[in-house]
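Please look over the sequence and the structure before reading on.

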Amino acid sequence: MTTSEAIRSTVADVDLDAIASNITAIRRRANADVIAVVKADAYGHGAEAVAETSFEAGAVMVAVATVEEGLLLREGGVNGPILVLLGPTDSSEAAHAVAQDLVLVVWDVERARSVSEAATALRRQAHVHFKVDTGLTRLGAPADQAATRYRSIASLPHLEIDGIFTHFATADDPDTSNDRVQLERFREVLRAIPERPRLVHAAATAGVAVFGPLEGMTAVRTGLAIYGLHAAPHLSGSLPLQAALTWRSRVHRIASVPAGTGVSYGHEYRLSRDGRIATVPVGYGDGLPRIAGDRGTVLLRGRRVPFAGRVCMDLVMLDVTEVDGAREGDEVMVIGAQGATRQTAEDLADACATINYEIVTGIRRRVPRRYFRGGQLVATRTLAEGYRGR
């Protein structure tokens, strides 16, 4: 048996066909090129496989948050354009990024100059995207200074501006008036730039769902939608998406216990009658939020079953007294479907008072990933062997 075959019973399965289908749906909705955001390990789905699939599906670029994330993709054999959304934090990062042809985000002359100097020293041409802060108040050049900074950066040696973009603050709200103001500010900046770069982008997942095609924008920068997740419930009808990730485990032990027995740390849960407790090897060490113990559920034999007591680092317990036929080895679905019953990332997020983004990005690397195309296993990723095609 090889290490890659020794996959634990708690596993996340990723449908790469769903990823490809979602990219197609995004491109059709926006009528623009797609920059696939694979930061935070592709929102927990696994950056290597998702980046490869995104390029195969027609994405013109993938985007990560940090230089290190970009370098990891390069080491994994991803050769297409990689945009680093946070840009370099110092000259060393700039040099490593330029050496690996990462596309860096800049918004001030000093940061851009460090990129230019690194490219000059390496005798390479560096490529950057220029970010404009139109109202998120996070990163980017202030809108009233953006055109001046852009022109200064464009004059630096060994540096080419390939893109310009902004980021909406409230596109997932029913009232999008703020984002329309941001868009007009961005267009004012664009009008002050004589020669626009190839990629001009403003919309992320929520913006694509809300606005569809945007005049003057040649690309969109989508993350959540690629994975088949919606930014808000009221936007679910705007994009036909397929959830790509299923997270499952199996019952490890079932014990028959008498009434009054306490379960898990603190004995916050006690059986009110004689019953059966199932133990499942998934916990907060795998990314299941500890707060899920209060209101969360999993699926077992097609039924929603609440947690019995606190979520532990490696285990959870379920009261299966009323689940007919439950036995050791039964599948337990954390995210996914059993028969006609489905639990989504949104369902788990609601139970944990958070958002679907946090649920999927929180799935730890010790949870093996299995990747499927056409229903066939095509790749795996484990702690021991990393990402491996079959």
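The points below describe a predicted model, grouped by topic.

The protein chain has 390 residues, of which 54% count as buried. Its secondary structure comprises 12 helices and 23 strands.

**Overall dimensions**
- Along the principal axes, the C-alpha atoms fill a box of roughly 75 × 50 × 40 Å.
- The accessible surface of the protein chain is about 16900 Å², and carbon and sulfur atoms account for 48% of that surface.
- Of the contacts between residues at least 6 apart in sequence, 65% join residues at least 24 apart.

**Nonpolar cores**
- The largest nonpolar core contains 124 residues, and Phe130 and Ile164 have the most contacts inside it.
- Helix H1, residues 16–30, gives the most to this core, with seven residues.
- Beyond its neighbours within four places in sequence, Ile164 is in contact with residues including Phe130, Val132, Tyr150, Phe186 and Ile193.
- Also among the contacts of Ile164 are Pro197, Leu199, Val200 and His201.
- A second, separate core has eight residues, among them Ala255, Val257, Ile277 and Ala308.

**The Ser116 site**
- Ser116 lies in helix H6, which spans residues 109–122.
- Ser116 counts as buried because its relative accessibility is 3%, under the 20% cut-off.
- The Ser116 side chain reaches the backbone oxygen of Pro157 at 2.6 Å.
- Leaving out residues up to four places away in sequence, Ser116 touches Leu156, Pro157, His158 and Leu159.

Terms used. Residues numbered from 1 in each chain as written. Predicted model: local features only at pLDDT ≥ 70, side-chain atom pairs only at ≥ 80, totals over all residues. Heavy atoms only, no water. Core = buried A, V, L, I, M, F, W, Y, C linked by side-chain atoms within 4.5 Å. Buried < 20%, exposed > 50% of the residue type's maximum accessible area, 1.4 Å probe, protein only. Helix = DSSP H or I, 4+ residues; strand = E, 2+ residues; numbered from the N terminus. Contact = heavy atoms within 4.5 Å. Polar contact = N/O pair within 3.5 Å; in protein donor to acceptor, adjacent residues only side chain to side chain. Areas by Shrake-Rupley, 256 points an atom, 1.4 Å probe, with all protein chains shown as cover.
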